[in-house]
Amino acid sequence: MPPHPLHCMALTPLNVHGAIILVLAACLACGCIAGSGDTADYAHDTLYQTSTIDALLEGVYDGDRTMGELVEVGDFGLGTVQALDGEMILLDGVAYQVCADGTVHVLHDDTFTPFAAVTRYEADVSMELSGPLVLSAFEQEVEALLPSRNITYAIRIDGTFSAMRTRSVPAQVPPYPPLLEVVQDQSVFELGRVQGTVVGFWMPYYVSGFNVPGFHLHFISDDRMAGGHVLDFELEAGTLGIDDTPDLFLDCIDSPLFLEAPLDHETGSSIGEVER
Ligand SMILES: [Zn+2]
């Protein structure tokens, strides 16, 4: 990541109850991940996020961060690809794109993303799961395990699924339509019985506006031939990992499209329509 010549004006960490460091980078004049240009401090227990879910809902599909920059600050996460060209899965340091036609590609370091959330994954809790376990039951069980509902957790399942339903979205051209319109044309994939990894997060209620409260999960098959944004699954058996991720770095897009997007209103209900 190139060092930035300007200091970020809004990069003062706020300690909230000594546990959560919320760094809101307004980035009017800067796009730096760290004021010093050093990403090492953000490597562990930090969710690094580029742009906000509300900006994505409003059609801000051009980002200013590359996959190469993302893998400097995380090896695990999810998001989308420039021009909303499919679903992105970052797993073990490799970024995959699941296109609307169902094909899977390894993303190049110089590919931009308009929305992504990544972390360095290190499971704090690991346990074996045995099914059948459908997504809704899985969510209830995992939520009951979470020590707090007030921080983010990275969620990983390596397993065999008797059913997996995912979706992806087609690339868009400017002027970009809102995400709610795009998902009317989303591709839904019934993957059947499949082995693979679920990659995602559970986030607290207070992230409304910049990310998705509750579960947001993506999937990539072991053979790297299928995946997408998870709509439903039935787990046969697998290993669940949960990684406490209490810190947050929010990196806004430094572009007129982002800076002029109408983000000063509630979008809670449309997040549910788009993500579920
Ligand atoms: Zn998604």
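Student: Which residues are exposed on the other side of α3?

Tutor: Keeping in mind that this is a predicted model, the exposed residues on that other side of α3 are Ser136, Gln140 and Ala144.

Student: And which residues of helix α3 are buried?

Tutor: In α3, which spans residues 135-145, the buried residues are Leu135, Phe138, Glu139 and Val142. They cover an arc of only 100° around the axis, and therefore they sit on the same side of α3. As background, an α-helix has 3.6 residues a turn, so residues three or four places apart point the same way.

Student: What do the buried residues of α3 pack against?

Tutor: They pack against four strands, namely β11 (125-134), β12 (152-168), β15 (214-221) and β16 (227-245).

Student: OK, the core then: which residues have the most contacts inside the largest nonpolar core?

Tutor: Those are Phe138, Ile155, Phe161, Leu217 and Phe233, in a core of 23 residues. At least two residues of this core come from each of β11, α3, β12, β14 (194-203), β15 and β16. Another core, of 20 residues, lies apart from it and includes Val104, Val199, Phe201 and Leu250.

Student: Switching topic: is Arg65 buried or exposed?

Tutor: Arg65, which lies in strand β4 (residues 65-66), counts as buried because its relative accessibility is 6%, and the cut-off for buried is under 20%.

Student: Which side chain does Arg65 contact at 2.7 Å?

Tutor: That polar contact is with the side chain of Asp251, and the Arg65 side chain also makes a polar contact with the side chain of Glu69, at 2.9 Å.

Notes. Residues numbered from 1 in each chain as written. Predicted model: local features only at pLDDT ≥ 70, side-chain atom pairs only at ≥ 80, totals over all residues. Heavy atoms only, no water. Buried < 20%, exposed > 50% of the residue type's maximum accessible area, 1.4 Å probe, protein only. Polar contact = N/O pair within 3.5 Å; in protein donor to acceptor, adjacent residues only side chain to side chain. Arc of directions from axis to C-beta. Contact = heavy atoms within 4.5 Å. Core = buried A, V, L, I, M, F, W, Y, C linked by side-chain atoms within 4.5 Å.
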